[in-house]
Amino acid sequence: MTKRKIRIINLDEIDSTNTYLRALAEKGEAEGLIVTANYQSAGRGRHGKSFFSPADTGLYMSVLLRPALSVEDSLFITPMTAVAVSRAIESVSNVKCGIKWVNDIFIGEKKVSGILCEASFNHTENKVNYIVAGIGININKPKEGFPTELGDIAAFLGNDDIKEKLLHKIIEELFSIYNTLPSHSFFDEYKARSVILGREVEVLGSEPFQGTVLDIDESCHLVIKKNDGEIKKLSSGEISIKIAKKQI
């Protein structure tokens with residue numbers, strides 16, 4: 001097992017912990033550096049979306065990894081992180097977490113956490129230079145409430161006392177899985193936690209469509225049966241999905 005030194009930089013305010021940590025990674029910073037912030041002025045999510053990061057409200061953190069992985073296998077870093085965050089939240093708050101492929105953590109039908117993994121690749125040698133795994137978790141409800149577009153879909157843990165414990169539990173769970181990453185031992189748990197298997201979803205993008213989620217395959221592709229009967233396999237970099245509302 002490779003030994004690594006875990007270092008934590010705690011910031012009061014930053015535009016984005018991912019942006020800050022990527023700059024350090026480009027300068028050769030070693031694996032195991034973690035950056036946290038009390039407030040992000042420009043928190044980022046997948047597909048160019050923003051991540052709402054008000055002060056004194058959430059846990060916003062980024063982790064620097066330098067895995068010995070191919071470009072293709074780097075896709076497993078996001079689901080690995082989702083499992084680690086789910087385990088950590090459950091450990092410190094005693095709530096059940098589900099995962100919406102590929103990177104959102106849900107409590108019931110609402111999102112409590114999002115993950116953004118950003119990587120630098122050496123495509124000539126088909127290897128990863130580094131990956132920054134960004135994690136945002138809603139711990140408290142903002143004093144002014146969530147923005148209108150998030151009001152009906154955002155969950156929060158409601159206990160500020162767990163913030164420090166949650167940070168360290170995420171680090172523990174993340175590196176526990178990371179140490180055995182090539183075995184994909186976490187993948188069955190990732191699928192078991194899915195909140196979309198068997199559900200109707202809307203695939204968003206340049207060619208949107210609706211269908212039913214059949215599976216998450218061993219390559220972490222989402223397998224969907226379109227409403228016209230066609231079977232589609234989608235990679236995490238291609239699309240966003242919206243869960244259709246349950247019929248009452």
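This short report looks at a charged surface patch and some aromatic pairs in a predicted model.

## Ground rules

Residues are numbered from 1 along each chain as its sequence is written, and side-chain values use heavy atoms, leaving out hydrogens and water. Because the model is predicted, local features need pLDDT of at least 70 and side-chain atom pairs count only at pLDDT 80 or more, while totals for chains, interfaces and linings use all residues.

## A negative patch

Let's start on the surface, where Asp12, Glu13, Asp56, Asp160 and Asp161 gather in a patch of negative charge. Such a patch joins like charges within 9 Å, using residues with over 30% relative accessible area and no salt bridge (a Lys or Arg side-chain nitrogen within 4 Å of an Asp or Glu carboxyl oxygen).

Asp56 sits in the loop between strand 2 (33–40) and strand 3 (58–65); strands are DSSP runs of at least two residues, and helices of at least four. With 56% relative accessibility, Asp56 counts as exposed (over 50%; buried is under 20%, with partly exposed in between, using a 1.4 Å probe and protein chains only).

## Aromatic pairs

The whole structure holds three aromatic pairs (ring centres within 6.5 Å; planes under 30 degrees apart are stacked, over 60 edge-to-face, the rest tilted). Phe76 and Phe187 pair edge-to-face, at 6.1 Å centre to centre and 75 degrees between the planes. They lie 111 residues apart, Phe76 in the loop between strand 3 and helix 2 (77–93) and Phe187 in helix 4 (residues 187–192). Phe76 is buried at 4% relative accessibility, and Phe187 is buried at 7%.

Phe175 and Tyr178 are also edge-to-face, because their centres are 5.9 Å apart and their planes at 85 degrees. Both are buried.

Terms used: Patch = residues over 30% accessible without salt bridge, like charges linked within 9 Å, V, L, I, M, F, W, Y side chains within 5 Å. Areas by Shrake-Rupley, 256 points an atom, 1.4 Å probe, with all protein chains shown as cover. Lys, Arg positive; Asp, Glu negative; His and termini not counted. Charge placed at Lys NZ, Arg CZ, Asp CG, Glu CD. Phe/Tyr/Trp six-rings, centres within 6.5 Å; stacked < 30°, edge-to-face > 60°.
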